[in-house]
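Subject: Structure for you to look at

Hello,

Here is the structure I said I would pass on. Please open it beside this email and follow the notes below.

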Amino acid sequence: MIKAIAMDMDGTLLNSNDEIMPQTKQTLIALEKQGVRLVLSSGRSYRRLMKYAKELEMDRYGGYLVEVNGIALYDVKQDQRKRLASFSLSECKDLFAYFKNKGMEVIGNMDDGLLCYMTEEIYEYKKHYRKEHKIPKDFPWTAGAFSVLSDMREGYPHQRYIQDESEIDVIFNKICVTHFDSQRVAAIMEQAKHDFKDSYWLGLTTKRWLEVMPKGVTKASGLSAFCDASGITFDEILAFGDGENDIAMLDACGKAVVMENALDSVKKHADFVSATNNDEGIAKGIAYFREEFICD
């Protein structure tokens, strides 16, 4: 019996325009009305999740947010947030320095802001990209998981560019590492896994986007806190995802759906591979498991 649905956001619940597809929205709200809980399980913080939670009426029906790959749990209806884990300040500085010295773009995520570093090579590439694509001059230089330049000011209004780890004076929720060359990102990930061994969690959410989390922090650990709060078990959760930061969640839950646009490394963890995030993949995944829903 499925009593909850846990969904990744980028590349899963959201289409390429950062929107929830209409059939998916209608299906999810209908299930909420029948007693199914929704959990947005994302690399985003609550500031970038809340508008989607309200669009899905999760504040009315008792939904939850598993934020930043498991750093915090947010009860949307009660407007209560519980931090579950964090880096130390020294870890933030050490990790930032490590990836900076590898020639990567490095982004430290806080609840409401970003600390960013990029090499001159990356900056020159972005200048050319901005000119070629006629991007406005006030558009941020920071990359996103799906683009060389990404505007995240709505969720992260405080953005600062730094040149050295000594400038870091805050603790990050996660560290993101990227480069316009996806092969360099893959090589750096393998090197970092070797160098850090089991000290941190590292994984790709897209071919150009590597995320680093404190040891033991995953979307599955965040969902464990949801289970404790709701009384719902992992076996009663249907999970949706597309990136390597979704694998622990997909493996832990009773049923796992992976999007067609997912990384190949993620698809082998699926009970069902659905359509893409631009083709109502979540609605179609729910339809595939429709007989598993026994609602109150």
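Helix H10 (residues 281-288) lies across S1, S12, strand S13 (255-258) and S14. The helix runs at about 145 degrees to S12. Please keep in mind that this is a predicted model.

The sheet comes next. Strands of a sheet pair through backbone hydrogen bonds, either parallel or antiparallel. Here eight strands form an open sheet with mixed pairing, in the order S5-S4-S3-S2-S1-S12-S13-S14. Its edge strands are S5 (80-83) and S14 (272-273), each of which pairs on one side only. Inside the sheet, strand S1 (residues 4-7) runs parallel to strand S12 (residues 237-241), and four bridges join the two. Within S12, phenylalanine 240 is the residue that stands opposite methionine 7.

Then the aromatic rings. The structure holds 13 aromatic pairs. One of them is formed by phenylalanine 87 and tyrosine 200, with ring centres 6.0 Å apart; their planes are at 55 degrees, so the pair counts as tilted. This pair links distant parts of the chain, since its residues are 113 apart: phenylalanine 87 sits in the loop between S5 and helix H4 (89-100), and tyrosine 200 in strand S10.

Now the empty space. Rolling a probe the size of a water molecule over the atoms shows where empty space is left.

The largest pocket has a volume of about 760 Å³. Its lining has 39 residues, and those nearest the centre are Asp10, Asp18, Arg44, Arg48 and Phe146. Helix H2 (50-55) and the strands S9 (174-178), S10 (200-206) and S11 (209-214) each give two or more residues to this lining. Sorted by class, the lining of the pocket has 16 polar, 13 charged and ten nonpolar residues.

How many cavities of 30 Å³ or more are there? The count comes to two.

- The largest cavity has a volume of about 40 Å³. Its lining consists of Glu105, Ile122, Lys126, Ala143, Val148, Thr178, His179, Phe180 and Arg208. By class, four of these are nonpolar, three charged and two polar.
- The second largest cavity has a volume of about 30 Å³. Thr12, Leu13, Met21, Thr24, Met259, Asn277, Glu280, Gly281 and Ile282 make up its lining. Four of these residues are polar, four nonpolar and one charged.

Regards

Key. Residues are numbered from 1 along each chain as its sequence is written. This is a predicted model: local features need pLDDT of at least 70, side-chain atom pairs count only at pLDDT 80 or more; totals for chains, interfaces and linings use all residues. Side-chain values use heavy atoms; hydrogens and water are left out. On a 1 Å grid over the protein atoms alone, a cavity is a set of points where a 1.4 Å probe fits but cannot get out, and a pocket is an open set with protein on both sides within 12 Å along at least five of seven lines; lining residues have an atom within 4 Å of a point. Grid points are joined across faces, edges and corners, and a volume is the space filled by probe spheres set on the points. Ala, Val, Leu, Ile, Met, Phe, Trp, Tyr, Cys and Pro count as nonpolar, Asp, Glu, Lys and Arg as charged, and the others, Gly among them, as polar. Two strands pair if DSSP finds at least two bridges between them. Contact means heavy atoms within 4.5 Å. Axes are lines fitted to C-alpha atoms, for helices over the stretch in contact, and angles run from 0 to 180 degrees between N-to-C directions. Rings of Phe, Tyr and Trp (its six-membered ring) pair if their centres lie within 6.5 Å; planes under 30 degrees apart count as stacked, over 60 as edge-to-face and the rest as tilted.
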